[in-house]
Amino acid sequence: MKQLPIVIFLVIFSSIKAQENLDSLNTKPNPIIFGDFSLGYSKGFVKGFTVGGSVNYQKKNNLFTFRTLQVINIKKIDFFLIFPYNIESETMTEYSLLYGKRYIEEGFSYHFSGGISFATYDKNFENDKLALNYFGFPVEVGVSWFKNKKRRFRVLYGLIPVGKPTSFGRSIGFKLHANITKRSYVGLGLTFGLGWHKIYNDEE
């Protein structure tokens with residue numbers, strides 16, 4: 001799977017440190033910046049388990065997104081005792097820039113976006129190896145839920161509150177993602193986010 005999951009976690013959780021600096025500036029409203037991590041399933045040119053992540057910035061109703069995801073189809077695994085030594089699979093890795101609209105209603109949002117992508121396809125199956133690079137037109141529709149008012153951030157699965165009430169928080173939602181090319185696919189994922197999902201007033 002290359003290093004895609006590592007990159008996703010670094011991008012998303014690096015924003016935690018920025019929370020402390022941003023919340024110390026009480027004179028300005030917080031920006032809308034958030035990252036998310038998704039798990040799901042895709043079907044099309046490559047079908048299989050899908051892992052992905054994105055970084056998002058919103059100005060008014062305009063949403064700007066960098067998205068990366070990987071679709072993995074494992075066809076065969078040979079084992080020596082409990083150790084895999086030969087994995088035959090195909091993967092599709094995509095990097096996308098998207099622009100769209102996102103609308104917020106208290107602790108709920110929905111968005112739709114489109115853009116341009118670069119993808120790589122790798123196949124290693126029955127001594128048949130193939131690598132392809134191609135461009136496409138990605139689209140995305142999603143919904144998410146997050147806190148409506150400032151609250152203390154919670155760690156250890158939300159059990160322990162830390163610090164003062166903050167606009168930084170978690171989200172959960174769903175995304176329908178697709179790419180329109182000669183090698184199209186469509187998928188659905190469950191998303192988990194961190195960041196500033198709306199503008200919170202000081203009195204909240």
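The structure is a predicted model, in which local features need pLDDT of at least 70 and side-chain atom pairs count only at pLDDT 80 or more, while totals for chains, interfaces and linings use all residues. Residues are numbered from 1 along each chain as its sequence is written, and side-chain values use heavy atoms, with hydrogens and water left out.

Arg-67 forms a salt bridge with Glu-140, and their closest N and O atoms are 3.2 Å apart. A salt bridge here is a side-chain nitrogen of Lys or Arg within 4 Å of a carboxyl oxygen of Asp or Glu. The pair links distant parts of the chain: Arg-67 is in strand S3 (residues 62-80) and Glu-140 in strand S6 (residues 128-146), 73 residues apart. Strands (E, at least two residues) and helices (H or I, at least four) are DSSP runs, numbered from the N terminus. Glu-140 is buried, with a relative accessible area of 2%.

## The salt-bridge network

How many salt bridges are there by this rule? The count comes to four. In one of them, Lys-175 pairs with Asp-36, with 3.0 Å between the closest N and O atoms. Lys-175 is buried at 9% relative accessibility, and Asp-36 is buried at 6%.

Glu-140 also forms a salt bridge with Lys-175, where the closest N and O atoms are 3.5 Å apart. Through shared partners, salt bridges join Asp-36, Arg-67, Glu-94, Glu-140 and Lys-175 into one network.

## Polar contacts of Asp-36

The side chain of Asp-36 makes a polar contact of 2.8 Å with the side chain of Ser-54. A polar contact of 3.0 Å joins the side chains of Asp-36 and Lys-175. A polar contact is a pair of N or O atoms within 3.5 Å; within protein, one must be able to donate a hydrogen and the other to accept it, and residues adjacent in sequence count only if both atoms are side-chain atoms.

Strand S1 runs antiparallel to strand S2 (residues 48-59), and eleven bridges join them. Two strands pair if DSSP finds at least two bridges between them. Ser-42 has Gly-48 in S2 as its bridge partner. S1 and S2 form a hairpin with three residues between them.

S2 also pairs with S3, in the antiparallel sense and over eleven bridges. These two strands form a hairpin with two residues between them, and Lys-60 in the turn has a positive phi of about 55 degrees. Tyr-57 stands opposite Phe-64 in S3.

## Aromatic pairs

The structure holds nine aromatic pairs. Rings of Phe, Tyr and Trp (its six-membered ring) pair if their centres lie within 6.5 Å; planes under 30 degrees apart count as stacked, over 60 as edge-to-face and the rest as tilted. One of the pairs is Tyr-57 with Phe-64: the ring centres are 6.5 Å apart and the planes are at 25 degrees, so the pair is stacked. Tyr-57 is partly exposed at 37% relative accessible area, and Phe-64 is partly exposed at 40%.

Phe-108 and Trp-145 have ring centres 5.5 Å apart and planes at 50 degrees, so this pair is tilted. The pair links distant parts of the chain, with Phe-108 in strand S5 (residues 108-125) and Trp-145 in strand S6, 37 residues apart. Phe-108 is partly exposed at 23% relative accessibility, and Trp-145 is partly exposed at 43%. Both belong to one aromatic cluster formed by Tyr-103, Phe-108, Tyr-110, Phe-112 and Trp-145.

## Charges over rings

Arg-183 lies over the face of Tyr-134, at 5.0 Å from the ring centre. The charged end of Lys-198 sits over the ring of Tyr-200, 5.3 Å from its centre. A charge sits over a ring if NZ of Lys or CZ of Arg is within 6 Å of the ring centre and within 35 degrees of the ring normal.

How values were computed. Buried means under 20% relative accessible area, exposed over 50%, partly exposed in between (1.4 Å probe, protein chains only).
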